[in-house]
Amino acid sequence: MQLSLFTALALLVLTATGFLAGRTRALAIGAREEGRLHSLPNYHGYFVALWTGMPAFALLALYAVTGTMVVNTLALGELSRASEPLQQRYEAILAADEDHRAATASVERLEAEIRMLRAEADAIIASEGPHSEALAPLRARQEERLLDQDDARFMITSREAAIAGIVLEAADADVADARARAGFEYRRLPPEQRELFVADARALAFADTLASRDTPELRAAAEVFVPRQQALAWGVSLAALALAAGGLALGRSRVTRQFRARNRVEWMVSAALMLASAIAILTTLGIVLSLLFESLRFFASIDWRVQDFLFGTQWSPQTAIRPGQIGQSGSFGAVPLFAGTGLIMLIAMLVAAPVGLFAAIYLSEYADSRFRAWAKPVLEILAGVPTVVYGFFALLTVGPLLRDFALFLGYEDAVTQSALAAGLVMGVMIIPFVSSLSDDVINAVPQSLRDGAYAMGATKSETIRHVVFPAALPGIVGALLLAISRAIGETMIVVMAAGQAANLTANPLESVTTITVQIVMLLTGDQEFNSPKTLSAFALGLVLFVLTLILNIIALRVVKRYREKYD
């Protein structure tokens, strides 16, 4: 870190030197030669400074992004080469092990039987329907085969672990180098645990974080990381300084009386702006692709039962972590989550849309300037209140109040955590999103439209209804869309006020949950990113993205229609 900081400071000094060198040379040429410079001296300075700093800082940025990956690749490659004798011995013993061969053959045989049973079940569903009595014995046999397959896989894992232990015990006497054991351990780890191994080794090597464990193998791996990290850091720093010095010399040599420095500098600025736009677009594309790829992994893990996910009514994502555990398959019917999200969002918008819109109309058209000067800032304070405070308010005040009122009316099943409590408080929270933006849009309507309506004899209310509101409708739709997106993405209020139960209900007095709450629950804590339970969070995120995209398309259609009418 100190080397990188020193390099960055040195590059800043060289960049400033490049600016002064370019400007000084331009002034000297302008004073020595007849005629005016094509560009101002400052542009020549900017040109030299850009040539000095831009390539070097680009190299540092590239190192910051890929340096860790390069070091990891080099270090793990050396560990893998060091562990090759142990790996060969392990594979030889494994190939000769009768129990391992029998378990592997059993897994393959059971996999073929499971495929046949699924094909038979699909044929019965196609011919007799999903409620056929013939499906029950097939499903029972399929569950039995799945349990047998889990047992066989557990046997394979146990034998591999036992043989690896034998190899390592022999390595203590035959192979003194702990790097071989470290590489052998890394090669046997599942993909989701290899990152933890590398993180622990780097933590022991550079002491930037705490390692989760400390073993001789990790210490040996850490000793491999250190020299490669130092060599790469020094190489990049020297290369960056060399690039900066070369860029300064090259840029300064280009400074002449006829050199179009201003055009070059403006082109570089335009390229930088274009790059910033491309980064924003590529970031969005990366988010979409990451959601898509992980969602495909989830659907593959549930045998591509997409219809069960989109239209199933049972949400229970718990899966087994060992063979024979109850609830090992999980249920991923997301309709209760969609319904809960829609119900809470609808209640929130029924509160925020009319209140926020009427407040905006009053503040912009009816209120005097003194009242508006303090009323609008006070209203916007609601947007600055932390969502956890709203959650406390909903849980301790609004929820009990609604429960007592429902009990008073004779509804005996009322609970404190309900969709109505969360929706009402969320609606209050997003009122400023509607009122403030709508107020700005209404104030942006040209006064000439109002004056024309008054000249034709329209009253103030008629002018607002038939002239101002339609002209401001595109912006109002945008404000409502922002409020809807805020309501869909809210998590804390829902957790505290609506609960976490995935209930499929239209009763606002019952507990429900939303997509965002489930995503947080699925990704909280130590999770394995190869299980359907964790991967289902990405599928939920993809659905949420598609839902927001559809809302944006609808809003754009509305805006386009009314803009054509009132432009």
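Setting aside neighbours within four places in sequence, V167 is in contact with L86, R89, Y90, I93 and F184, where contact means heavy atoms within 4.5 Å. V167 sits in helix α5, residues 135-174. Helices here are DSSP runs of H or I with at least four residues, strands are runs of E with at least two, and both are numbered from the N terminus.

A quick word on the model: it is predicted, so local features need pLDDT of at least 70 and side-chain atom pairs count only at pLDDT 80 or more, while totals for chains, interfaces and linings use all residues. Residues are numbered from 1 along each chain as its sequence is written, and side-chain values use heavy atoms, with hydrogens and water left out.

Buried means under 20% relative accessible area, exposed means over 50%, and partly exposed is in between (1.4 Å probe, protein chains only).

| Residue | Relative accessible area | Class |
|---|---|---|
| V167 | 1% | buried |
| E365 | 11% | buried |
| A16 | 41% | partly exposed |

What does E365 touch, not counting residues up to four places away in sequence? The list is I442, R450, K460, I464 and V468. With R450, the side chain of E365 also makes a polar contact of 2.8 Å; that term means a pair of N or O atoms within 3.5 Å, and within protein one must be able to donate a hydrogen and the other to accept it, while residues adjacent in sequence count only if both atoms are side-chain atoms. E365 belongs to helix α11, residues 335-366.

A16 is part of helix α1, residues 2-32. From A16 to L504 there are 488 residues along the chain, and their C-alpha atoms are 64 Å apart. V167 and T7 are 160 residues apart in sequence, with 46 Å between their C-alpha atoms.

Let's zoom out. The chain has 20 helices and two strands, and buried residues make up 38% of its 567 residues. Its C-alpha trace spans about 100 × 95 × 50 Å along the principal axes. The radius of gyration is 33 Å, whereas a compact globule of 567 residues would come in near 24 Å; this radius is taken over C-alpha atoms, and the globule rule is 2.2 Å times the number of residues to the power 0.38. Among contacts with a separation of 6 or more, 73% come from residues 24 or more positions apart.
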